[in-house]
Amino acid sequence: MSEPLDESHVQPRRSAKAVASLAVRSGRETLSVELALTLFRHMVRTRALEERAIKMSKSGEAYFWIGGPGEEAFNVGLGMQVHKGAGPAFDYLHLHYRGSGMLLAMGMPMVDHVRQLAMTATDPFSRGRNFVGHYAIPAWNVVPVTSVIEVQYVMAPGTALMQRRHGGDGLTIVTGGDAGSAEGDFESCLVWANRPGNELPVLMVVTNNQYGISTPAKGQHGERRIADRASPYDMRAETVDGNDPIASWHAIARAMKYVRTERKPFLLEAMVSRLHGHSSSSGAQRSWAEADCVALFEQKLIDADAIDAEQVRAMKAEAKEEADAAVVQATSEAKPTRDDVERFTYSRSKFDAVYPLDYTGLPGTVQNVK
Ligand SMILES: Cc1ncc(C[n+]2csc(CCOP(=O)(O)OP(=O)(O)O)c2C)c(N)n1
């Protein structure tokens with residue numbers, strides 16, 4: 001008869017319920033395994049989408065790429081905590097052009113992102129007119145993203161002022177990069193958000209990748225942290241490791257709770273990576289010198305027994321399939337035609353005495369478009 005097996009080293013199989021009650025840890029902060037896996041899945045989906053998007057720009061399926069590989073850990077956590085909806089009771093979003101993780105976590109179908117990149121007539125954000133990542137979603141209070149950096153910071157106090165007057169716990173979120181914070185628009189937001197007795201519910205976010213295109217921040221910024229710009233205003237601020245999804249989740253939760261309940265502004269700086277340079281204009285090559293939040297979180301989840309290598313492979317394959325299918329779909333769709341050039345350029349308004357009809361912006365071409 002053979003010896004009975006010594007199974008003392010074998011981990012007992014955990015039920016789904018037991019797994020859901022486990023936690024993944026970063027320092028003193030934790031997330032439930034369930035939440036951590038949801039975050040990770042959206043991070044993996046975002047990375048798959050961005051990598052496919054870069055490929056499109058190199059293959060000629062698209063002309064210009066810009067996006068957020070390296071910002072997934074922070075942006076997904078931000079998107080998952082937005083109160084999504086239309087009107088002042090919900091959060092308003094004035095976004096930077098690297099927010100794919102945020103929008104995917106909020107429920108944007110991948111194909112819509114690809115439609116804008118492929119400049120199809122079906123692009124729901126700009127009808128094939130704008131660069132990728134330049135979202136505009138009235139149903140979710142996503143104010144049109146512009147390529148002109150930082151203008152979103154002077155628009156944000158407008159929606160926040162309206163939310164202050166409306167009441168409730170809706171807040172305004174404005175995001176941008178570190179270089180853009182040198183613009184006057186950033187300071188205008190600080191001033192307007194902090195008027196004594198008229199403080200505004202604005203969550204000012206800076207995703208700091210330490211570059212403005214090719215200019216390193218260290219030769220430009222005398223302040224130790226961008227978050228320190230809040231201190232003359234006696235405004236709450238925090239700097240978080242944006243490559244750590246657990247730390248980021250909690251920093252975002254703390255900041256949002258403060259803004260929602262106190263109706264006062266908060267400046268949150270996230271230190272992030274820029275894994276493919278500025279855009280396709282600088283080549284979009286992979287930078288292996290910077291921390292990769294997807295790889296780091298994958299290892300943490302494996303170490304915590306929250307997922308195994310086979311499940312990670314399956315999740316990545318599924319995300320890649322989703323991105324590939326989105327590209328097949330979008331690239332089969334119609335492009336805008338010459339007749340579309342002047343459409344959607346001006347919103348008809350009964351209050352506009354000068355151009356009461358649909359105005360194209362071109363002198364002498366007031367059109368009677370029905
Ligand atoms: C008002 C304005 N000035 C300059 C530019 C050119 N420009 C485009 S992106 C960019 C760098 C922005 O860097 P940062 O704010 O750190 O954001 P990042 O791209 O690094 O996320 C600049 C200078 C612009 N688009 N708008």
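**Helix H5 and beyond**

Guide: In helix H5, the buried residues are Met 110, Val 111, His 113, Val 114, Arg 115, Gln 116 and Leu 117. Buried means that 20 or more other C-beta atoms lie within 10 Å of the residue's own; 12 or fewer makes it exposed, anything in between partly exposed, and the C-beta atoms are placed from the backbone. This is a predicted model, in which local features need pLDDT of at least 70 and side-chain atom pairs count only at pLDDT 80 or more, while totals for chains, interfaces and linings use all residues. Residues are numbered from 1 along each chain as its sequence is written. Helices (H or I, at least four residues) and strands (E, at least two) are DSSP runs numbered from the N terminus.

H5 covers residues 110–117 and is mostly covered, with 7 of its 8 residues buried. The cover over those buried residues includes helix H2 (33–59), helix H4 (100–106) and helix H10 (309–331). Just after H5, Met 119 has a positive phi of about 55 degrees.

Two of the covering helices also pack on each other. The axes of H2 and H10 are 8 Å apart, at an angle of about 45 degrees; axes are lines fitted to C-alpha atoms, for helices over the stretch in contact, and angles run from 0 to 180 degrees between N-to-C directions. H2 and H10 are therefore oblique to each other: angles under 35 degrees count as roughly parallel, over 145 as roughly antiparallel, 65 to 115 as roughly perpendicular, and the rest as oblique. Their crossing is right-handed, which is the case where the near helix is turned clockwise from the far one by less than a right angle, anticlockwise being left-handed. From H2, the meeting residues include Arg 41, Arg 45 and Arg 52, and from H10 they include Lys 316, Glu 322 and Asp 324. This contact divides into 8 nonpolar, no polar and 7 charged residues. Here Ala, Val, Leu, Ile, Met, Phe, Trp, Tyr, Cys and Pro count as nonpolar, Asp, Glu, Lys and Arg as charged, and the others, Gly among them, as polar.

Contact means C-beta atoms, placed from the backbone, within 7 Å. His 94 lies in strand S3 (residues 92–94), and it counts as buried because 29 C-beta neighbours fall inside 10 Å.

S3 belongs to an open sheet of 6 strands in the order S4-S3-S5-S6-S10-S9, with parallel pairing. Strand S4 (142–143) and strand S9 (236–241) stand at the edges with a single partner strand each, so one side of each has no neighbour in the sheet. Strands pair if DSSP finds at least two bridges between them; S6 (residues 202–208) and S10 (residues 266–271) have 6. Leu 203 stands opposite Phe 266 in S10.

Notes
Contact = placed C-beta atoms within 7 Å.
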